[in-house]
Amino acid sequence: MRTQSELIRYILTGGLTTATNYALYSILLLMNVDYLIANSIAWLGAVLVSYMANRLWVFRSHGNILKELFSFTAARLLTFAVETAGLWMFVSKLHFPKMHAKILVSVVTVIGNYILCKYKIFAKEGVRHG
């Protein structure tokens, strides 16, 4: 039951994070900022919101904040690289609309981020997963 509650909190937090990301991305596109730069700025804003929400509300972590923040950001950089490459491919090479491409690549990054958070960043000490 605890895992189900955690997953629900993660999904709700993910909604907030996604809303932050898409709002920033959309605003920057409206300001004629290049889509890859807009994505980078939106990513940074979303990472800050996501880290605090995941630490405090989803995983209720009491671990070392600097260690977690470093791990969280490093993991997000990995999925950010995947997202950026996907955006570039869909927009520049396959000519998808920018927002449609963003939605498509978000599916992969959301799943990857959950797995990295659950099993690497906010894993409880002494608890083995898998």
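## A tour of the helices, loops and cores

Start by selecting Asn54, which is buried, with a relative accessible area of 1%. Buried means under 20% relative accessible area, exposed means over 50%, and partly exposed is in between, using a 1.4 Å probe and protein chains only. The model is predicted, so local features need pLDDT of at least 70 and side-chain atom pairs count only at pLDDT 80 or more, while totals for chains, interfaces and linings use all residues. Residues are numbered from 1 along each chain as its sequence is written, and side-chain values use heavy atoms, with hydrogens and water left out.

**Stop 1: around Asn54**

Asn54 lies in helix H2. Helices here are DSSP runs of H or I with at least four residues, strands are runs of E with at least two, and both are numbered from the N terminus. Now show what surrounds Asn54. Leaving aside neighbours within four places in sequence, Asn54 is in contact with Tyr10, Thr13, Phe59, Arg60, Phe72, Arg76 and Phe122. Contact means heavy atoms within 4.5 Å.

**Stop 2: the nonpolar cores**

Next select Tyr10, Phe59, Phe72, Cys117, Ile121 and Phe122. Of the 13 residues in the largest nonpolar core, these six touch the most other members. Helix H2 (35–58), H3 and H4 each supply at least two residues of this core, and H2 gives the most, with four. A nonpolar core is a set of buried Ala, Val, Leu, Ile, Met, Phe, Trp, Tyr and Cys residues joined through side-chain atoms within 4.5 Å. In soluble globular proteins, nonpolar side chains tend to be buried together.

A second, separate core has 11 residues, including Tyr25, Leu28, Ala38 and Ala42. Pick Leu28 from this list. Leu28 is found in helix H1 (residues 2–30) and is buried, at 12% relative accessible area. Which residues does Leu28 touch, not counting those up to four places away in sequence? They are Val33, Ala38 and Ile41. The C-alpha atoms of Leu28 and Ala38 are separated by 5.5 Å, with the two residues 10 apart along the chain.

**Stop 3: helix against helix**

Two packed helices are described by the angle between their axes and the distance between the axes. Axes are lines fitted to C-alpha atoms, for helices over the stretch in contact, and angles run from 0 to 180 degrees between N-to-C directions.

Select H2 and H3 together. H2 and H3 pack at an angle of about 145°, with their axes 10 Å apart. Their crossing is right-handed. A crossing is right-handed if the near helix is turned clockwise from the far one by less than a right angle, and left-handed if anticlockwise. The residues of the contact of H2 with H3 divide into 13 nonpolar, seven polar and four charged. In this count Ala, Val, Leu, Ile, Met, Phe, Trp, Tyr, Cys and Pro are nonpolar, Asp, Glu, Lys and Arg are charged, and the others, Gly among them, are polar.

The axes of H3 (residues 65–93) and H4 (residues 98–121) come within 9 Å and cross at roughly 155°. H3 and H4 are therefore roughly antiparallel to each other; the term covers angles over 145 degrees, while under 35 is roughly parallel, 65 to 115 roughly perpendicular and the rest oblique. H3 passes H4 in a right-handed crossing. By class, this contact has 14 nonpolar, six polar and five charged residues.

Zoom in on Thr79, in helix H3. Thr79 counts as buried, at 10% relative accessibility. Beyond its neighbours within four places in sequence, Thr79 is in contact with Thr109, Gly112, Asn113 and Leu116.

**Stop 4: two loops**

Most residues other than glycine have a negative phi, and most peptide bonds are trans. Select Asn32, in the loop between H1 and H2. Asn32 is not a glycine, yet has a positive phi of about 65°. At 72% relative accessibility, Asn32 counts as exposed.

Move to His95, in the loop between H3 and H4. Phi of His95 is also positive, near 60°. Is His95 buried or exposed? His95 is exposed, with a relative accessible area of 64%.

End at Phe96, which lies in the loop between H3 and H4 and counts as partly exposed at 31% relative accessibility. Not counting residues up to four places away in sequence, Phe96 touches Phe90, Val91, Ala101 and Leu104.
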